[in-house]
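Hi everyone, thanks for coming.

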Amino acid sequence: CPDATTYAYIVNIFTKARARESAKVATEFLKEVEEGYAAGDDNLRPTPLLYSAVLQAYAKSASTEGAELAEKLLQKTKDLYRQGKIYAKPTTLFYNAVMDSWARAKQGKAGALRAEELLVELETRCQAGDSELSPSTRSYNAVILAWKTSNSTEAPQRAEALLKRMNERYGAGDKGCRPDKVTINSIISVWANSGQPGAAQRAEAYLSFMEKMYYETEDESLKPDSISYNYVIDAYAKSGLNDTADRAEDVFNRMEVNFLAGDDDLRPTTITLASLTNAWSRLEDAEAKSKLKRIRDLISENRDAILKGRRETFDAGRIINREV
């Protein structure tokens, strides 16, 4: 007979397959397990693994309904645990899934604030001595993502404050709260999309930090990828600075050099070149027009190779910078 672990496994399959009905299926399976256990089938005793799987299904639905269902289930596990049901004791994974559900629901500032409230609750419970409720890197990343998707004017500052809290915990010896590439890429994106004065420079400062940590200390967890560079190039393209195109191209050049040296994670994409096009299109001089033509020709002539990541698309002679 199937047990709660079997149901959790099936829910995870639906979630990973991104099935449209995964949240609904998760709800039905959880109800079936809980009703079976209540009817006396000890084989269907719910487990943290099942609750976590259902919460993940709600989060991956990327909807307000999913976030609300996750909130209700988290509260239900709290109530059950208070009633002495040890199997329902909330864990960090529960909280992470609910915070992630608010980030994915894209409910603006309200969703980000709710995610951060949950993080504070997690931090408080940990400080009170509950070792099973210790915030992790994923906890902070979920809340930073919530601010990233909030479109709030406060987002860059709130995201940086969260990064500071991560660093403080890590510095105090909590190795589970170490900022990683996902953390920094989210911070870069928050700044890149903020439209605030100095946003592009701030985004580049974080990219430079990643470059330093990886290329000087070989820290794989902070290795920049094409997403890191694309965010910064786009930030300069939208910045309105007098030298916006030159700065965007400088970032592209750093990306291209490492790609040509063999780093496939830094392959320029059509997104990269589209951002460069945007940067140069804001200028009207002859150099800008020449750059634009070369970039557009490159996109047109090599689209398939760009998408497939063939290194020969970008020869060492610098296709974009080559003199006519």
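The second largest pocket holds about 250 Å³ of space; that volume is the space filled by probe spheres set on grid points, joined across faces, edges and corners. A pocket here is an open set of points on a 1 Å grid over the protein atoms alone, where a 1.4 Å probe fits, with protein on both sides within 12 Å along at least five of seven lines; lining residues have an atom within 4 Å of a point. This is a predicted model, where local features need pLDDT of at least 70 and side-chain atom pairs 80 or more, while totals for linings use all residues. Residues are numbered from 1 along each chain, and side-chain values use heavy atoms, without hydrogens and water.

So who lines this second pocket? Ten residues do, and Thr15, Lys16, Arg18, Gln56 and Lys60 lie nearest its centre. Helix H1 (4-16) gives the most, three residues, and H3 also supplies at least two. Helices are DSSP runs of H or I, at least four residues, numbered from the N terminus. By class, we have one nonpolar, five polar and four charged residues.

Now the largest pocket, with a volume of about 370 Å³. Among its 16 lining residues, Asp100, Arg104, Arg138, Ala142 and Leu145 are the closest to its centre. Which helix gives the largest share of this lining? That's H5, with six residues. Helices H3 (48-60), H7 (137-148) and H9 (181-192) each supply at least two. This lining has six nonpolar, five polar and five charged residues.

Definitions and conventions: Ala, Val, Leu, Ile, Met, Phe, Trp, Tyr, Cys and Pro count as nonpolar, Asp, Glu, Lys and Arg as charged, and the others, Gly among them, as polar.
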